[in-house]
Amino acid sequence: KKDTCILAIETSCDETAAAIVKNGTELLANVVASQIESHKRFGGVVPEIASRHHVEAITDVISEAFSQSGLEWDDIDAIAVTEGPGLVGALLIGVSAAKALSFAKKKPLIGVHHIAGHIYANRLIEEFEFPLLALIVSGGHTELVLMKGHGEFEVIGQTRDDACGEAYDKVARMLSLPYPGGPHIDRLAADGEETIEFPRAYLEEGSFDFSFSGLKSAVINTIHNAKQRGKELKDEDIAASFQASVVEVLVEKTFKAAKQYNVKEVIVAGGVAANKGLRNKLAERFENSGIPLHFPPIHLCTDNAAMIGAAAHIAYEQGRRHGMDLNANPGLEL
Ligand code: KG4
Ligand code: ZN
């Protein structure tokens with residue numbers, strides 16, 4: 001059987017990325033141009049700036065993917081692009097580039113859901129075993145997704161307010177840490193102790209939903225009260241206590257869902273999957289459970305186009321194609 005090579009593009013937030021993926025599992029090129037430096041001084045992603053940077057970077061990033069892989073247009077079977085969710089102006093750059101190239105080079109076009117991409121980052125490492133449970137924790141999402149087969153996604157739990165990474169970034173901001181704050185909190189937490197008892201949001205019995213806004217408020221109040229009373233709180237301890245609260249709920253809900261749905265494996269995806277505290281506690285919880293637990297390598301946890309190419313391969317095999325009416329959809333459902 002002939003090999004299938006997919007050129008994938010991802011521009012949903014603040015990384016301009018292109019990749020070439022062979023047969024859904026083999027990474028031939030993976031280029032990520034990060035804009036973090038441009039957004040840092042604003043303490044978060046500025047949509048207008050993100051769009052402008054995507055326009056500037058997109059052609060270079062795609063050319064770089066071709067030179068990394070050594071492939072030519074003749075070798076490409078399809079063009080995949082993140083169609084949503086994300087920032088509409090940012091998504092539009094990737095979608096427009098993919099449509100233009102699809103038209104000019106006469107290649108089929110495949111729109112991909114960003115979260116499907118995060119999940120499929122794992123398939124670049126290992127073949128999936130169904131049913132599987134995916135925990136997606138990123139700057140925009142916190143979801144538990146049950147998959148009974150390729151391309152079949154059932155959301156069994158999700159955040160009711162802030163995303164997990166968003167909570168990390170907001171707490172980091174309170175501690176005057178640079179954007180994105182998740183990795184900084186992670187590092188501080190390793191040197192701190194859980195001296196503060198923050199709330200754990202388990203919600204109703206049996207629910208696999210998440211909530212992080214109460215925890216965020218608890219952290220703000222704790223910092224304010226300590227300041228008023230002239231009490232010294234170590235940033236390391238705030239970070240460790242916050243992280244312990246987040247991680248405990250993520251771990252317990254994931255474990256419970258894995259048991260309830262009798263899954264063959266659990267995979268973790270998204271930017272916060274890079275978190276050391278989460279990795280350690282999940283590994284501890286699933287040890288001796290008989291349920292294998294997989295994480296993508298760190299560089300495939302945060303936004304990239306390799307994961308979009310991996311997810312698109314399944315759509316390609318299933319014959320799913322998009323037309324020139326493909327549009328950026330910031331609220332796209334999985
Ligand atoms: O998946 P991602 O790159 O972008 C989205 O699709 O949102 O995730 C970015 C998020 C940011 O909120 C960042 O702070 C968080 O992932 N993050 C981390 C760590 N590394 C990245 N959060 C906690 N610990 C980390 N080590
Ligand atoms: Zn993402």
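**View 1. Strands S7 and S8 in the predicted model.** In this predicted model, strand S8, which covers residues 154–158, is joined to S7 by four bridges, and the two strands run antiparallel. Within this pairing, Glu154 of S8 is the residue that stands opposite Leu146. Six residues separate S7 from S8 in the hairpin that they form, and in its turn Gly151 adopts a positive phi of about 75°.

**View 2. Strands S6 and S7.** Strand S6, made up of residues 132–137, pairs with S7 over six bridges, again in the antiparallel sense. Here Leu146 of S7 has Leu133 standing opposite, while on the S8 side Leu146 stands opposite Glu154. S6 and S7 also form a hairpin, with four residues lying between the two strands.

**View 3. The two faces of strand S7.** Strand S7 runs through residues 142–147 and is mostly covered, six of its six residues being buried. On one side of the strand are Thr142, Leu144 and Leu146, and on the other are Glu143, Val145 and Met147; with these residues all buried, both faces of S7 are covered.

**View 4. The annotated binding-site residues.** An unreviewed UniProt entry lists His114, His118 and Asp303 under "binding site". These residues span 190 residues in sequence, yet no two of their C-alpha atoms are more than 8.9 Å apart, so they gather at one spot.

View 5. His114, which the UniProt record lists for "binding site", lies in helix H4, a helix of residues 114–120. His114 counts as buried because 26 C-beta neighbours lie inside 10 Å, where the cut-off for a buried residue is 20 or more. When residues up to four places away in sequence are not counted, His114 touches Ser12, Thr82, Gly84, Pro85 and Gly86.

View 6. Asp303 is buried, because 28 other C-beta atoms lie within 10 Å. Leaving aside neighbours within four places in sequence, the contacts of Asp303 are with Glu10, Ser12, Cys13, Glu15 and Ala17.

Notes. Residues numbered from 1 in each chain as written. Chains lettered and ligands numbered in written order. Predicted model: local features only at pLDDT ≥ 70, side-chain atom pairs only at ≥ 80, totals over all residues. Buried ≥ 20, exposed ≤ 12 C-beta atoms within 10 Å, placed from the backbone. Pairing = 2+ DSSP bridges. UniProt positions renumbered as here; feature names shortened; annotations may be inferred. Contact = placed C-beta atoms within 7 Å.
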